[in-house]
Amino acid sequence: MFNDLYKDSQDIKSYVTPLNLSQSAMVKMAKSVTFSTSSSASNLSSHPSFTSLASFNSLPASPLNQHFSQSMMEEALESAESIIKKWDPNSQSYTKIISLFRHSRKQAKEFIRCVRDLRRAMHFLVSQDSKSDKLVLAQNLMQIGMSMLEKEFFQILSSNRDHLDPDSASGQSTISSNSEFEVYMEYDEDDDDDELKKAGESISQVEKASALVMSDLKVIAETMISCGYGKECIKSYKLIRKSIVDEGLHLLGIEKVKNSQFHKMDWGVLEVMIKNWIKAANIGVTTLFKGEKLLCDHVFSASLTIGQSCFNQIAKEAGLNLFMLPELVAHKEKKQHHHERIFKLMDLYAAISDLWPDIEMIFSFDSLASVKTIILSTLKKLKDSIHTCLKEFEVTIHKDSSKELTPEGGVHKLTRTTMSFISSLSKYSRVLSEILAENPLKRNTRLLEYYFTAPILEDEHVNNHAFSVYLASLILVFLCKLDTKAESYKDVSLSYIFLVNNLQFVVVTVRSTRLKSLLGDDWLTKHEAKLRSYAAKYEIAAWTNVFASLPAKTSTKLSPEEAATCFKRFHASFAGAYMKQSSCVIEDAKLRDELKVSIARKLVPEYRKFYEKYLLILKHDRNIEMLVSFKPDNLENYLSDLFHGTTIISGSSHSASSSCCSIGCVKN
């Protein structure tokens, strides 16, 4: 399972583990051992993550490439016996100190050096004199040393949770592989402040403390693994760190959800869960799992395989639990398509896509492939569901058969909901551009090319062409539906008011949202021209009879009777048009004013000329007030009251002449 270093280290452990092993059995095992630790260490030292063991092995006391003599072996045993037995509870020289590393880093350094020299001495004894009683002594000393280091390792892990939290671990991603503890061991300095200073002047005190703890764990792990006690080391590590990861997910609100419970949940509940999950997943991946991966890589940098095994057992189950919710949502929505839910699906897709680079780095091992598999499957299902929602929304527009129309020709409910949906889609251009580029919706390409040219967005990192075409085609489908609804009005002028209001709403929405950059200025220019065309057609349909009631400019001078008839005709047509049009509404204030000004410019000057030319002729008529019921200035006042959806005058059932009187009474 582990790498060459671990395999070689098992050779050592086979001698140091069984206290009751017979001398002959020890010799027999010794003869079957091939000691290749030097070559293993050499191979490992070439690994970019491996520096600690090489650093220790290059200490002046016992360099790896120096001949290990009999005297050096005896010196190593003597030193080991005096130092290691201090920590043997059965020894008279036992030192009752809770933590070696916390008590004295100098003594911790000596202890680590002593254990590693003892390991070399055991290699020498097995190769030179496998029947020596000194091998039994070395075995006992090694067991005491390993027991002490295992205790220290567990104690450091359990008592330094605050210094090994994911934030601290992830903050140590740039720590030099020549850890502070190793640097310290190369010098005889006891002052802790000096040790912290070597950890790096640029990091905070908390980060320095974290660096020291991580360094201690790393040097203990390397020593235990090289001596054949890797399993004992990683057992403690996995036990504590897995509980921390599981607790972290629990604090983030990530809990296992049963399928039966999930499918009974209302969408409103799921929306809240999705929102909270996105926040939790971001912290979980970028801080919790990433920090744990960095810590594991650092502590077990001498053995990539051991590090992989540790992280796999710590993170695999937790990773699957973290991504359970989006997988369940994606699976559920693939069967139940509701286009209004598309936005939460896109939020999920965007969140997971943004985290994917970190996910690939964190769960890079083959043993963690199942985590990436479920995530990729979830992304695929989400894409399919989003794509289906887009199609469903278009079908909804096509199938809308509501007969309800606004009596005043205002903005239709379908217009508001459709443009709200489309403008919200525009906020997800990156997600939808990716999905539609891979799987574009079927369109009448020739019609679209005639109707729409997608803008070129120079500053965009994503190719939005497919998304822009989709939006333009979707709005075109909707505008065609508006044309159909406009035909339901019995009055032609009111149908154009309806088209003016609704197209104006569409144009304003596009201009004021991200849709503008996606559809482009050319789209806006075309539709604003269409809007002006609708307004002009409205004027013709609503006011032509009023314009025509005045004599043509080329006509000869009228007689008093003809002039009186012309006044009556004008007043009747204006009263009828005013009564009908004053109940209409133009919701956009700017457009409303523009339309009123346009009508006034065509009508008031012509009426003023007629009024001033023929008023003198009729001034002696007894019914002058009936014939000329208002002045040109009054006409402007009437027009200013248009398109607010309220009728100023009453008496629509009266005759035209009585309507004229009503107008005159009100305005004069």
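Leu-479 is found in helix α23, where helices (H or I, at least four residues) and strands (E, at least two) are DSSP runs numbered from the N terminus. At 13% relative accessibility, Leu-479 counts as buried; buried means under 20% relative accessible area, exposed over 50%, and partly exposed in between (1.4 Å probe, protein chains only).

The model is predicted, so local features need pLDDT of at least 70 and side-chain atom pairs count only at pLDDT 80 or more, while totals for chains, interfaces and linings use all residues. Residues are numbered from 1 along each chain as its sequence is written, and side-chain values use heavy atoms, with hydrogens and water left out.

**The chain as a whole**

- The chain contains 30 helices and zero strands.
- Of the 668 residues in the chain, 51% are buried.
- Among contacts with a separation of 6 or more, 82% are between residues 24 or more positions apart; a contact means heavy atoms within 4.5 Å.

**Helices α20 and α23**

- Helix α20 (residues 413–425) packs with helix α23 (residues 465–486) at an angle of about 180 degrees, and their axes are 11 Å apart. The axes are lines fitted to C-alpha atoms, for helices over the stretch in contact, and the angles run from 0 to 180 degrees between N-to-C directions.
- The two helices, α20 and α23, are therefore roughly antiparallel to each other. Angles over 145 degrees count as roughly antiparallel, under 35 as roughly parallel, 65 to 115 as roughly perpendicular and the rest as oblique.
- On the α20 side, the contact is made by Leu-414, Thr-415, Thr-418, Met-419, Ile-422 and Leu-425. On the α23 side, the residues include Phe-467, Tyr-470, Leu-471, Leu-474 and Ile-475.
- The residues of this contact of α20 with α23 divide into eleven nonpolar, two polar and two charged. Ala, Val, Leu, Ile, Met, Phe, Trp, Tyr, Cys and Pro count as nonpolar, Asp, Glu, Lys and Arg as charged, and the others, Gly among them, as polar.

**Salt bridges**

- The structure holds 24 salt bridges, a salt bridge being a side-chain nitrogen of Lys or Arg within 4 Å of a carboxyl oxygen of Asp or Glu.
- Asp-297 and Lys-293 form a salt bridge in which the closest N and O atoms are 2.7 Å apart. Both residues lie in helix α15 (residues 267–299), four residues apart, about one turn of the helix. Asp-297 is partly exposed at 29% relative accessibility, whereas Lys-293 is buried at 6%.
- Arg-430 and Asp-354 meet through their side chains in a salt bridge of 2.9 Å, N to O. This pair links distant parts of the chain, with Arg-430 in helix α21 (residues 429–438) and Asp-354 in helix α18 (residues 342–362), 76 residues apart. Arg-430 is partly exposed, its relative accessible area being 35%.
- Glu-81 is joined to Lys-85 by a salt bridge whose closest N and O atoms are 3.4 Å apart. Glu-81 is partly exposed at 30% relative accessibility, and Lys-85 is partly exposed at 28%.
- A network of salt bridges links Lys-242, Asp-246, Lys-256 and Glu-317.

**Single residues**

- Ile-306 belongs to helix α16 (residues 304–322) and is buried, with a relative accessible area of 0%. Ile-306 and Ile-234 are 72 residues apart along the chain, and their C-alpha atoms are separated by 8.0 Å.
- Val-136 has its place in helix α8 (residues 133–159) and counts as partly exposed at 26% relative accessibility. Val-136 and Met-122 are 14 residues apart in sequence and 9.5 Å apart in space, C-alpha to C-alpha.
- Phe-643 sits in the loop between α29 (632–640) and α30 (656–667) and is buried, with a relative accessible area of 0%. The phi of Phe-643 is near 70 degrees, a positive value in a residue other than glycine. Most residues other than glycine have a negative phi.
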